[in-house]
Amino acid sequence: MPNLTRRGLFGLCAGSAAVQALGAVVKPVRITDVDLFRINIPVSDAEAAAGLMHQYDVAKIVTDAGVSGYSFAGAPARMLPAVKEVLVGKDLFNVDMQLREGLGNWGGVEHAVWDAIGKISGQPVCKLLGAPKDRVTAYLTCVWRGPSDQQQVPYRDQVEMAVKFKGMKIRVWRPNPMDDVEVCRLIKQATGKDFKLMFDRTAHAPITAGQRVWDFETGLKVAKGLQKAGAYWLEEPFAREDYDTPAKLASMVDILITGGEGYSSLEPYRQCLLHKTYDILQPDGRNSGGIFRCRQVGILAASFHVPCILHGTMGLMLAGWLQATLAIGSPLQEVALITPPLLPEEQWAPGLKVLKSKHMFQFDNGDLVAPPYPGIGLDVDEDALARYRVKDLRDK
Amino acid sequence: MPTRRGLLRGSALALTMPLLDSVRAVAAEVKRVRITDVESFSIRIPGGGGRDQMQNFAYGVSRVHTDAGVTDTAFLPCPDDLLRRWVKPTLLGQDLFAIDRHVAALQALRGESGVQSWSGVEHAMWDAVGRIANRPVAKLLGGARDKLRVYRTTVWPYSEAALARKPLIESDQQEVAYDTQAKFAAHLKASGFTGMKIRAWRPKPMDDVDAVGAIRAAVGPDFKIMLDRTAVRPGWVWDYPTALEVCRGLEKHDAYWVEEPFDGHDIYGPARLAAEVDILITGGELGKSTYEFLEFLVNKTYDVLQPDTRICGGIWMARKIAVLAESFGVPCIQHGTASLALAGYIQAGCAMNNCGWQEIIGGPNLPQEQWEPARKLVRTPDVFRIENGYIYLPELPGLGLDLNEDALKEYRTRA
C-alpha cells in the first residue's frame, strides 16, 4: 500500500494539474483497500462524562493514486467485508455506480470516497458539486445531560445557552409540551426577533422517554403555541412514514414544519415533496446515503422550491455534512448535539489531536466557513490515527 | 453539573493546542481559481460541399481563461451581445467552480432563454474544472458509466431539385424511399450500431410507419428504431387520433419510441398517449429549467425525458434534470448533437445513471465520417472513440478533447 507524504499528495493536486500539458491520458483511480476502525482519543473520566467527543468510527479508502480518503462518520468494523465487496477494485470516481451497488448503506463511508476524490482533484468536494456557497450560518442543537425529555433542565439554563448564538434548536420532549412552548417564549424574550429558535419533536424518538408520537390535535396545539411564541420551525412532529399529517399541519400554521432525517433513498423525499409534507427537507449527511445523495435531495427540493437544510452532526463527522451543505447552498447548517455548558469547539477538542491543522472548522461571526483544504476539508494526521486506533474494541 | 471552566481546566483543548502548534505543518490550502476572460469565436475548416454537407466544417467556439493557467474550450458558441453585456460581467473575476451560483445569477439577469444561449461558456467552464481536477467531468458529477450506446438520428438532406423550391422548409423525408432508409439501417447495424432514429414528418403519417416496417425487415429484431415527430417543427401538429394510430402501427413493428408527438410544451397530450400505448413516448429537448421537467414528471408527460445539454442551460442543468428524473424512476436520455459539440453531452451522459444512450444527429453516414474534418483540430487519432455501437468517455481531463491550438488559430474566422 503506497504511503504518500503530504508533500507528495499535494503535488498531485491543483497546482500541478493546472499546468499539465494537454494530452496526458487520465487513468482511472482504483480503490485498492478499505479500512474501518475505531479511534479512542484519551480523555479524562471527567471529560468523557462531560460529553467531550473522543471516539470516532473511521473509514479509510486507499487508492492506487497513492492518496487515501478519510471519514470520521464511518461504519462499524464488522461491516468491513461488505464494504470491501462494494468498493475494492472499483473506479474511485464512479460514486453513482458505487451507490447503486450498496455504498449508500454506509453513507459515512461515502464521505471517505469523496475525500479521496477531492484530494486527487485538488479541490474541496463542494467545489466539484456546484459550490454555490463558501459559508453557511450555523445553528446549535443543544441537548442537556440527564433524562432525554429535558424536564430536568431549568428554563433559565436554556435561555443562557441561547443568548450565546444566532440560532439554536432544542427538544420539545417535555411530558407537557406546553412547557417547551413557555421556554420558547422566554428564550425569544431574551434573544430578540432575529434569533432563530427551532424545536425538535424527533418523530417517534420520544417513545424512549415513555411518550407516544403526537396525535394531530397535540401537534396543532404545540405548533400554534410555538408560532405565537416566535419559534422558527417545528421538526418531525409526527411519524416519519406519515407524509400526510405534517402536510395538513403545515397548511394550517405559519410556523415551518420540517423533517426528513430518517430517509435513506430518493423516493421518500420525492413523496414528501409531492405530498407537501414539509416546508424544509432535512436529509441526514449519513443516513441519506452520503454527500452525493444529499446533493441529489437538494436538487430535487430546489425544483419544488423547498429549502434543503441538512440534519446535522458534530465533531470530525461534520466535515462531510458541511461539504454537502455548501454544495447545495443551504442557508443553515445544524451543529448537533451539543451538551451544555460545553461549546462546540470545547466538546470537539480531542478531535484536534488527529488533525495537523489548528482548527477543525472555522467559525466566523456565527458562520461555518468552507475549509481551505481539498477533499472533505480535514488535514488528517495518519500517525495520530495509528496511535489512537482501538486494537480491540474491549479497550474502548 | 460541571461548569465549562471546571471542565476545561486541564482538558484536551488546553493540552493539545499549544503542544502541537509548533510541529504542525499545515497542508497546502486550495487556491481559488478565478475566471480572467471569456471569448467566443467561429472556426471554419477548409472543405465542404457536395456529399460533405453531411460533415461538420464550421463551429462556434466558447473559451474560458483562468488564473490557473488553463484555457478551456467548448464547441458551442455564445452570441456576442450576450457575452459582452451579461456573461462577461457576471463571470469575470469569479470563482470558476461556483457554476451553480453563476447559472443562478445569469438566470436572474436573463431568464431561462438567456441561460440557454450561454451554455457554450458553461461547457467550457466544466472543461476548465475537469482539467484543473485532472479528471473527466463525468467523474466529478457522479461517474455512473464509462460509455453510452449510440443511436444515429438520420435525416436525409434534400435533393438538388427540392433545394430550389421556395419557401424552403426542412426535409420531411417524403422524397426518401423506404428502401433507402432500410439499407442505411442495415449498414448501421453492420457497423456495430444498435439504434437509429428517423423523422416522422411525412405528410401521410402512416407512411412513416411503413418506413419503420421496411427498416425492421432489414435489420431484424435486435435493433432499436425510434421515430421523431419533433413537436411543431414539421409545421403541423398531429391530432390525438393520428398519434394513436401511428403508435399502434409502430408497436406492430416493435419500434422503441415516438418523440414529441405533440407540441413540445404540451404537458397533458403526451401523458394521455403514453397511458394508452405500450411504445415509449419521449420528449423534453426544449425544456429550459428543472421546473419545466418537474411538470413533465409530475404529470407523467413522457416515459423518457430528453433534455438537451445545450438548450437546458448546460451540463450542470442536465445533471440536475437527470436527478429529478431518477427520483421519479424515469430514464433521462439526452437529446443529441453532432461532432465536437458532443464532448459536453458525453460527459453529462456518463455522469447520469439513467442515461443509456447518446444520440448523434446527422445524415446517412456514420458519426466517424461526419466528424472527419474535425480530426484536424485534435491531437488524438480520432475525435471520439466509437466501438461496437458505444461511444466512450474519453480518457482525458475536462470535456475530453485534446485540441491542436495551431489548427484552432489557423481556422479561426471571427473574433
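**Entry 1: two helices of chain A**

I began with a helix contact: A:F216, A:G219, A:L220 and A:A223 in α10(A) meet A:T245, A:K248, A:L249 and A:M252 in α11(A). I took contact to be C-beta atoms, placed from the backbone, within 7 Å. I sorted these residues into five nonpolar, two polar and one charged. For this sorting, Ala, Val, Leu, Ile, Met, Phe, Trp, Tyr, Cys and Pro count as nonpolar, Asp, Glu, Lys and Arg as charged, and the others, Gly among them, as polar.

The model is predicted: local features need pLDDT of at least 70, side-chain atom pairs count only at pLDDT 80 or more, and totals for chains, interfaces and linings use all residues. Residues are numbered from 1 along each chain as its sequence is written, while chains are lettered from A and ligands numbered from 1 in the order in which they are written.

I noted next that the axes of α10(A) (residues 216-229) and α11(A) (residues 244-252) come within 10 Å and cross at roughly 35°. Axes are lines fitted to C-alpha atoms, for helices over the stretch in contact, and angles run from 0 to 180 degrees between N-to-C directions. Helices (H or I, at least four residues) and strands (E, at least two) are DSSP runs, numbered from the N terminus. The crossing of α10(A) and α11(A) is right-handed, meaning that the near helix is turned clockwise from the far one by less than a right angle.

**Entry 2: a sheet in chain A**

I followed an open sheet of three strands in chain A, ordered β1-β2-β3 with antiparallel pairing. Strands pair if DSSP finds at least two bridges between them. Its edge strands are β1(A) (31-40) and β3(A) (68-71), each pairing on one side only. From one strand to the next, the twist averages 20°.

I counted four bridges between β2(A) (residues 55-63) and β3(A); A:K60 has A:Y70 as its bridge partner in β3(A). Helix α4(A) (residues 80-87) packs on the sheet and touches β1(A) and β2(A), its direction making about 150° with that of β1(A). Helix α6(A) (residues 107-121) lies across β2(A) and β3(A), at about 140° to β3(A).

**Entry 3: buried residues**

I looked up helix α12(A) (residues 266-275), where A:L266, A:P268, A:Y269, A:R270, A:C272 and A:L273 are buried. Buried requires 20 or more other C-beta atoms within 10 Å of a residue's own; exposed means 12 or fewer, partly exposed in between, with C-beta atoms placed from the backbone. Their cover includes β9(A) (280-281) and α13(A) (291-303), together with α13(B) (315-327) of chain B. Just after α12(A), A:K276 takes a positive phi of about 55°.

Six bridges join β4(B) (residues 147-154) to β10(B), and the two run parallel. B:R152 stands opposite B:I360.

I recorded 16 helices and 12 strands for chain A, and 16 helices and 13 strands for chain B. Of the 396 residues of chain A, 59% are buried; of the 415 in chain B, 51% are. The C-alpha trace spans about 65 × 50 × 40 Å in chain A and about 85 × 60 × 40 Å in chain B, along the principal axes.
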